[in-house]
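Please read the points below with the structure open beside you.

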Amino acid sequence: MQKNIFSTLGNDIPAGLVVFLVALPLCLGIALASGAPLFSGIIAGVIGGIVIGSLSGSHTSVSGPAAGLTVIVLNAITELGTFEVFLSAVVLAGIIQIGFGILKAGVIGYYFPTSVIKGMLAGIGIILIIKQIPYAFGVNETKDLEKYIPFVNDWDTVLSLGNLSKTFDFGAIIISAVSIGILIFWEQSFIKKLSFTKLIPGPLVVVLLGIGLNKYFKFFVPTLYLSNEDKVVLPVVDSFVGFTDLFTFPDFSQLGNSDVWLAAVTIGIIASLETLLSLEAADKIDPLKRISPPNRELLAQGVGNVINGFIGGLPVTAVIVRSSANVTAGSKTKISAVFHGILLFASVIFIPGLLNLIPLACLAAILLMVGYKLTKVSLFRHQAKLGWDQFLPFIITILGIVLFDLLIGIGLGMGIAMVFILLRNYQNSYLLDDKKEELDGSIRIVLSEEVSFLNKGALIKALEEIPEGKHVIIDGSKSRVIDYDVLEVIENFKTNAGSRKIDVDTIKIKSIKSKGLH
C-alpha cells in the first residue's frame, strides 16, 4: 500500500499545490466571515489537511473551514461572548462527531431531504453575501464600528445596507469590482479549457492582482490606497515564543452553560451533515470511482475538530470546492490533501508579511462569489421545476434561516417535507420490497407503491450489498410515486455500476437526466 501511495507523488504533489492556492484565500475569507481571528482559519486548514487528510479513508476529499458553518460560528462567538469559550464548544462538537463515527451514524445524511439541504446551503449563501457587502465597500468593524453592519438575521440589517452609499471607500470598491470581474471571467467555459487555469485558480489571481492594485494606489493614487486596517492581519513569527503565542486555547469554565452545548450540538450535526454530503459528491467525481467510508470520515473529522478546539482553529468539514480542485488537478491519493496542509503551515511561518498585504476587499469578493454559487437563480428554477413537494421545503428552509436562524430554518424545512410525505402516504405504504433473485441469477428489486426519501438509506444499503458481476433489475412498475431523492440514488447507482461490473435495467422508472432535472 505504501508503495502505491508514494508511486503517485508525481500527481499528488502538484495537485496539493493547486489545492493550497485555492484554500489559502478561502481559509482567510471564511475566518473573516465568521467573525473569528484570521489565523484561526489557517489553523483549521492545516488541521484539515494534515490530520484529517491522514486519518480519512477518502482519497479525493479535502477538509477545511467551510462556508456552510460561517453563520453558526458567527452567532456562536457572539452569543458565547469570547472566542475562547467558543473553542470549548468546538472541542465538544468534535467529541460528538467521534461518537457519531463509533455509533456508525454515517447514514445520517441519507435521511435529510435534498430540498432541505439545498435550502440550507442557499440560505447560508444569502447571509454570506449580506455579511460581505460592507467589506466590499471598504467598511469593517476595525475602523468603522459605528458604520459596520453585523448580520443579526433581521430585515432591518438588509435595509440598512443602503447607508453604505454614504460611507464607502472608493479604493475598496474598485478592488472588489475588479476581483469579482476576474472570478466571473475565470468561470467562463472558454477560459476553463485553457490548461493554465487548472494550475492557477481564480482566487489566487484575485489576491495577487488585489495586492498589486493596492500598491499602485499607494504610489500613484494615494487617496485610494487601503491601509493596514483594510488588509489581512496575521501575526509575524520571529521566535519560538512568538510561534507558541499564535495559538488560542479553550475556556472550559462555561461548560455548565447550555448555550455552549447548543453550539456544540449544532456544529457537530451540521458539520457532519456537510461532510457526508461533500464526501458523496467527491466520490461521484473520482475518476477511479472509489467509495469513501462515511463512519471513518466522521471519526477523522471529530479528531480534527477536537484538535482545532484545543489550539484555536475554526471547526472544519469536508469541502467540495477544495475536493473538486483536488480531483481536477489530477490527485490520485490523499497525499495531496496532506501536502496542501503542510503548505498552509509553511505559508504562515515563512511569508506572513506577504499575506498581510492582501486587501480584505479581495476576500470579500471571493466570498461574494461563493455565496452566489450557493444561491444562484438557476438553483431556484431547478427546484421549482421539481414541483411543490421539492420547492416549498426548499424556500421555507431559506426563509427560516435568513429570518431566524439555521436550526429553525432546517426544522421548518423538514416539517414541510414531512407534511408532503404524510399527505402522500395517508393511504399508501412506502416500504421497500425485499430483493428477489430470479431463476437466471439476476436480482430484482421491486419498489412499493410509494417510495420517499425515507427509503433512501435502505435502497442505498440494498444496492451496496449487490455482488459484483450481477445483473440487477430495479422494478418501479408497482410504484405510483417515486421521490426525486430515490431517483437520484438509482441514477447514481447506474452511473457507478460499471466499476463493479454490474448490469442495471430499470422498469418504469423515469430518468432525472431525461427530465432535465439532474
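1. Leaving aside residues up to four places away in sequence, Gly171 touches Phe217, Leu224 and Leu226, where contact means heavy atoms within 4.5 Å. Gly171 sits in helix 9; helices (H or I, at least four residues) and strands (E, at least two) are DSSP runs, numbered from the N terminus. From Gly171 to Leu226 the C-alpha distance is 6.7 Å, although 55 residues separate them in sequence. Is Gly171 buried or exposed? Its relative accessible area is 0%, so Gly171 is buried; buried means under 20% relative accessible area, exposed over 50%, partly exposed in between (1.4 Å probe, protein chains only).

2. This is a predicted model, in which local features need pLDDT of at least 70 and side-chain atom pairs count only at pLDDT 80 or more, while totals for chains, interfaces and linings use all residues. Residues are numbered from 1 along each chain as its sequence is written, and side-chain values use heavy atoms, with hydrogens and water left out.

3. The protein chain has 24 helices and eight strands. Of its 518 residues, 54% count as buried. Taking contacts between residues at least 6 apart in sequence, 81% join residues at least 24 apart.

4. How do helix 9 (residues 170-186) and helix 12 (residues 202-220) cross, and at roughly what angle? Their axes come within 9 Å and cross at roughly 150°; axes are lines fitted to C-alpha atoms, for helices over the stretch in contact, and angles run from 0 to 180 degrees between N-to-C directions. Helix 9 and helix 12 are therefore roughly antiparallel, since angles under 35 degrees count as roughly parallel, over 145 as roughly antiparallel, 65 to 115 as roughly perpendicular and the rest as oblique. Among the residues in the contact are Gly171, Ile174 and Val178 of helix 9 and Val206, Leu213 and Phe217 of helix 12. By class, this contact has twelve nonpolar, five polar and no charged residues. Here Ala, Val, Leu, Ile, Met, Phe, Trp, Tyr, Cys and Pro count as nonpolar, Asp, Glu, Lys and Arg as charged, and the others, Gly among them, as polar.

5. The axes of helix 2 and helix 19 (residues 360-374) also come within 9 Å, crossing at roughly 90°. These two helices are therefore roughly perpendicular to each other. Residues that meet include Leu28 and Gly29 in helix 2 and Leu363 and Leu367 in helix 19.

6. The largest nonpolar core holds 99 residues, and Leu28, Ile42, Phe86, Val232, Leu234, Ile358 and Leu406 touch the most other members. Helix 2 (residues 9-33) contributes the most to this core, with eleven residues. A nonpolar core is a set of buried Ala, Val, Leu, Ile, Met, Phe, Trp, Tyr and Cys residues joined through side-chain atoms within 4.5 Å.

7. Ser34 lies in the loop between helix 2 and helix 3 (38-55). With 1% relative accessibility, Ser34 counts as buried. Not counting residues up to four places away in sequence, Ser34 touches Thr70, Val73, Leu74, Ile77 and Leu314.

8. Helix 16 (residues 320-328) has Arg322, Ser323, Ala325, Asn326 and Val327 buried. Their cover includes helix 2, strand 1 (62-65) and helix 14 (258-285). Just after helix 16, Gly330 takes a positive phi of about 95°.
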